[in-house]
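I opened the model to go through a few local features and wrote down what I looked up, entry by entry.

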Amino acid sequence: MDIVNEILEREQKKAEKYKPITVEKHLDLEIDVGTLLASDTNDLDSKLLEQDKDAYLQSLTRDNTQLLLNKIWELPTERIDEAIVVRLPEPKTVLPRAKPVPKPRPLTKWQEFAKSKGITKKKKDKLQWDEQLQKWVPLYGFKKAAAEKEKNWLIEVPQNLDPMTDMYEKKASEKSEKVAKNELQRLKNVARARKVKIPRVGLPVTSDKASSTQLETAATVAKASTASLGKFQDKLPKEKEARGKGIHELIPGKERKRKLPIPTPQQERENNLNMLDNILNKRPKIDMDKAVAKHINDEQVQRSQEKRNTKPPKGGRQKPKGNNPTNFSAKKPKAGKGQRNPGKKAGGRKRR
């Protein structure tokens, strides 16, 4: 009997661990299977909530999740790669976004050109058969570089080049120029998509031959790069000035001034009123140091003029009044009134 009781207790514990899939509610839940959203509008049990808050909320969440899963398993199922899959219906609840809907990425110049011409992008194969190596070679990656190194173990120098030219170095420099050109074009597309103005820096430097338009532009820019802006430069026979978009920005001294847009009557009225207010409310700025210095200078000039205009009294100079020791007379003091020191030799020049 002890063994039977132990087995029954064990089964009872397992049954308590796995709760049934049927859940009873006073009010049915509002379930939106498309967004996997379940809204419970039933009142909370305040007694159970006060006794053990975490356990009550956990059991409530479990029951609501079980009801949501029951609704999901009512939908038609299908098996894909040994897995049972349920296709959710269209959501009914509109959820707000934390951020605005992303705008579609603007097309690049090549994409716009291909769209206007109806050019469709063809998917290329990753491998390509090489007749020289007699094997399949990938179109990119380290295996492609190894195959190119194996195939081009010897490169012939063309007749129009110096026979001492390193063709491997030239090929590597051309490849780096192409990579830099593609990166520059990518950055231009990014700036164009973000509506950022890029300053013109000159003509593109490539290893290919320059076109006639590029040569004309380069000649015009070089001619206008002198101190006189090309004013005294002679023209070559049959020389044509470069024309096109952005040419004047490259030539110094010939930048076109942009015309301001014509303001509307309301904008013109506001500008005139603002100008009138600035004129009427304008007050002169007072420099206190300058004003004080000017006042002191005026007083000094006035005193000097008054001294010049006053005439001296007749009968010589006026004696100073009072016993002021600082007042000196114009007469020289009389000598010989002091006591003579017999012990001191008289200096000076001897008389004969």
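I looked up Glu82 and found it exposed, because its relative accessible area is 76%; exposed means over 50%, buried under 20% and partly exposed in between, with a 1.4 Å probe and protein chains only. Before going on I noted that this is a predicted model, in which local features need pLDDT of at least 70 and side-chain atom pairs count only at pLDDT 80 or more, while totals for chains, interfaces and linings use all residues. Residues are numbered from 1 along each chain as its sequence is written, and side-chain values use heavy atoms, with hydrogens and water left out.

Glu82 sits in the loop between strand 3 and strand 4; strands here are DSSP runs of E with at least two residues, helices are runs of H or I with at least four, and both are numbered from the N terminus. I read a positive phi of about 60 degrees for Glu82, which is not a glycine. Asp81 is in the loop between strand 3 (77–79) and strand 4, and I found its phi near 55 degrees, also positive in a non-glycine residue. Most residues other than glycine have a negative phi. Asp81 is exposed, because its relative accessible area is 74%.

Entry two, aromatic pairs. I applied the ring rule: rings of Phe, Tyr and Trp (its six-membered ring) pair if their centres lie within 6.5 Å, and planes under 30 degrees apart count as stacked, over 60 as edge-to-face and the rest as tilted. How many aromatic pairs does this rule give? The count is two. Trp110 and Phe113 make a tilted pair, because their planes are at 35 degrees, with the ring centres 5.8 Å apart. Both residues belong to helix 4 (residues 109–117) and are three residues apart, about one turn of the helix. I have Trp110 as exposed at 54% relative accessible area and Phe113 as partly exposed at 41%.

I then took Trp129 and Trp136, an edge-to-face pair with 5.5 Å from centre to centre and 70 degrees between the planes. Trp129 is partly exposed at 34% relative accessible area, whereas Trp136 is exposed at 54%.

Is Asn189 buried or exposed? I put it down as buried, because its relative accessibility is 18%. Asn189 is placed in helix 6 (residues 167–193). Leaving aside residues up to four places away in sequence, Asn189 touches Thr108 and Lys109; contact means heavy atoms within 4.5 Å.
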